[in-house]
Amino acid sequence: MGDRARTPTLTALLCLGLCRGPCDQVQAGAAPKPSIWADPGPMVSRGSPMTIWCQGSLQADVYHLYKDRVSKPLDTEAPQNSSKKAGFSIESMSTHTAGLYQCAYHSRRKGWSERSDPLLLVVTGVYPAPSLSAHPSHVVTSGGNVSLSCSSEVTGDTFYLLKEGGAGPPRQMQSRTFRGRWQAVFSVGPMNASHGGTYRCYYNSSSYPHTWSYPSNPLHLEVTGVYREPSLSAQPGSLVFSGDNLTLQCRSGAGFDRFALTKDEGLTSLQHLHGQHSPYFPLGHVSHTHGGQYRCYSGHNLSHAWSAPSDPLDILIVGMYEKPSISAQPGPSVSWGEKVILQCRSEISLDRFHLSKEGSPAAPQLLRLQDAAVPFQASFTIGPVTSNHEGNYTCYSSDSTFPYLLSLPSDTLELLVSAPSPQDYTVENLIRMGGAALILVVLGILLFQARDSPGRLEDAPRRATST
């Protein structure tokens, strides 16, 4: 009795508060609520076709489509080919077809279902496109923050930010005026790999909330620092003559199949990472424009997450100025353990000097003049010298205004280091030469003893085995 008495009351409450139309026929044990969706999606450009799908029960004999919570059905369709869904086609999206949609279905056994959850259809392309920009950059380090600014010259009351492939609803923000434009600034971060992707923004008017602008330009947000940094090298080397071929190679761990190369542009923030599948970057015949500082990144295909940047690699273009001269003080022949000064001198006003050793993988040593007065020269102190310092040296000069453009190389200077003599082993010399020299001396003594007493070394394994 009590349960029977509550049934009409519950039905009345459902009809008054939640639905209209067929809801007055809902009974206890009514058909389950249907689902509703839009194909190709709930945001459709003006003039494009689309279909609203309503899925209910296999027992459904008719489907109704409702718009903007009006009680009278907008359209009626039968199920498709004995399936449990029906499609409502819109041939051309317009401001009139945008709005809030629901559907319901009827079955002979259970009568009318309740209405589906609401589906909001938005028509885009009604107002001019806004512009979308990132500050300080499209490329953001993991853990950092970025501001995405959506602005328009046309009055927009609300701005929306969408991420391509994002599962959540669009972010929205009320507009404000700035320098004669309407805009909204969306903060994104702290950044992780999931924030990388393609973003667009829209705006609308509060008078027509379901009528949106054209989409903004796509903005690709890249996240760096997600993986360990690769290494960057140059072939044939970082010192290259103007006109020669140069290739940069980005080396990373296994599994990475996307690589990007960047060149520092002074104080300008890195704005884009243009990925490619090959780790080799042929620069072709280089000119003065190729001089600069480069870094590379590694990542995975179809991803906006990247490694940390490699260590910087300076590419120096040779041949831009007349060659300097090089000399050694006190001379090019130096005793083991002594110091030598290699002096690089330019006949023109240049304030940077570079010293390079033939065959050395290290970058050239750099000295900058504090006072660029005649004579234009720099002194490189080498030592205490060992046999490792022996070899051919050249020097270059450059201007601090164009730090990556070097002169022609100087003539080659061959540095000779004489073999150590017994008097070089004095305590005073060893202290002056430091720990590295002491290690070399100890190794030399051990080798000398091994040469004079081979039997002792041969006996050592036998003694070790017997114990």
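Q: What do the side chains of K323 and D411 form?
A: The side chains of K323 and D411 meet in a salt bridge, with N to O at 2.8 Å. K323 sits in the loop between β27 (313–318) and β28 (325–329), while D411 sits in the loop between β35 (402–406) and β36 (413–418). That puts the partners 88 residues apart, in distant parts of the chain. The cut-off for a salt bridge is a side-chain nitrogen of Lys or Arg within 4 Å of a carboxyl oxygen of Asp or Glu.

Q: Ground rules, before we go on?
A: This is a predicted model: local features need pLDDT of at least 70, side-chain atom pairs count only at pLDDT 80 or more, and totals for chains, interfaces and linings use all residues. Residues are numbered from 1 along each chain as its sequence is written, and side-chain values use heavy atoms, with hydrogens and water left out.

Q: And the strand labels?
A: Strands (E, at least two residues) and helices (H or I, at least four) are DSSP runs, numbered from the N terminus.

Q: How many salt bridges does the rule give?
A: Seven. One of them joins K33 and D117 at 2.8 Å, N to O. K33 is in the loop between α1 (2–17) and β1 (35–39), and D117 is in the loop between β8 (111–112) and β9 (119–127), 84 residues apart.

Q: Is K33 buried, exposed or partly exposed?
A: K33 is partly exposed, at 39% relative accessibility. D117 is partly exposed too, at 46%. Cut-offs: buried is under 20% relative accessible area, exposed is over 50%, partly exposed is in between (1.4 Å probe, protein chains only).

Q: Which residue does E164 bridge to?
A: E164 meets R200 in a salt bridge, 3.0 Å from N to O. E164 lies in the loop between β13 (158–163) and β14 (171–174) and R200 in strand β17 (197–205), so the pair ties together parts 36 residues apart in sequence. R200 is partly exposed, at 27%.

Q: Switching to aromatics. How many pairs are there?
A: There are six aromatic pairs. F159 and Y203 make a tilted one, with 5.7 Å between centres and 45° between planes. F159 is in strand β13 and Y203 in strand β17, so this pair ties together parts that are 44 residues apart in sequence. F159 is buried at 0%, and Y203 is buried at 1%.

Q: What about Y160 and W212, how are those rings arranged?
A: Their centres are 4.0 Å apart and their planes stand at 20°, so the pair is stacked. Y160 is in strand β13 and W212 in strand β18 (208–213), 52 residues apart.

Q: Which residues form a ring cluster?
A: Y127, F159 and Y203, linked by ring pairs.

Q: Now the core. Which residues have the most contacts inside the largest one?
A: M50, I52 and L121, in a nonpolar core of 21 residues. Elements giving two or more residues to this core are β1, β3 (50–55), β4 (60–67), β6 (85–90), β7 (99–107) and β9. Such a core is a set of buried Ala, Val, Leu, Ile, Met, Phe, Trp, Tyr and Cys residues joined through side-chain atoms within 4.5 Å.

Q: What does L121 touch?
A: Beyond neighbours within four places in sequence, L121 is in contact (heavy atoms within 4.5 Å) with residues including A38, M50, I52, I90, Y101 and H210. Apart from this core lies another, of 20 residues, among them I326, W336, L369 and F380.

Q: Sheets next. What is the strand order in the open sheet of three?
A: β28-β30-β33, with antiparallel pairing. β28 and β33 (376–382) are at the edges with a single partner strand each, so one side of each is left without a neighbour in the sheet. Neighbouring strands are turned by 20° against each other on average, direction ignored. Axes here are lines fitted to C-alpha atoms, for helices over the stretch in contact, and angles run from 0 to 180 degrees between N-to-C directions.

Q: How many bridges join β30 to β33?
A: Seven, with β30 spanning 340–346. C344 has A378 in β33 as its bridge partner. Two strands count as paired if DSSP finds at least two bridges between them.

Q: And which way does β20 run against β22?
A: Antiparallel, with five bridges joining β20 (231–235) to β22 (245–251). S233 stands opposite Q249 in β22. β22 also pairs with β24 (280–285), antiparallel over five bridges. There T247 stands opposite P282.

Definitions and conventions
Rings of Phe, Tyr and Trp (its six-membered ring) pair if their centres lie within 6.5 Å; planes under 30 degrees apart count as stacked, over 60 as edge-to-face and the rest as tilted.
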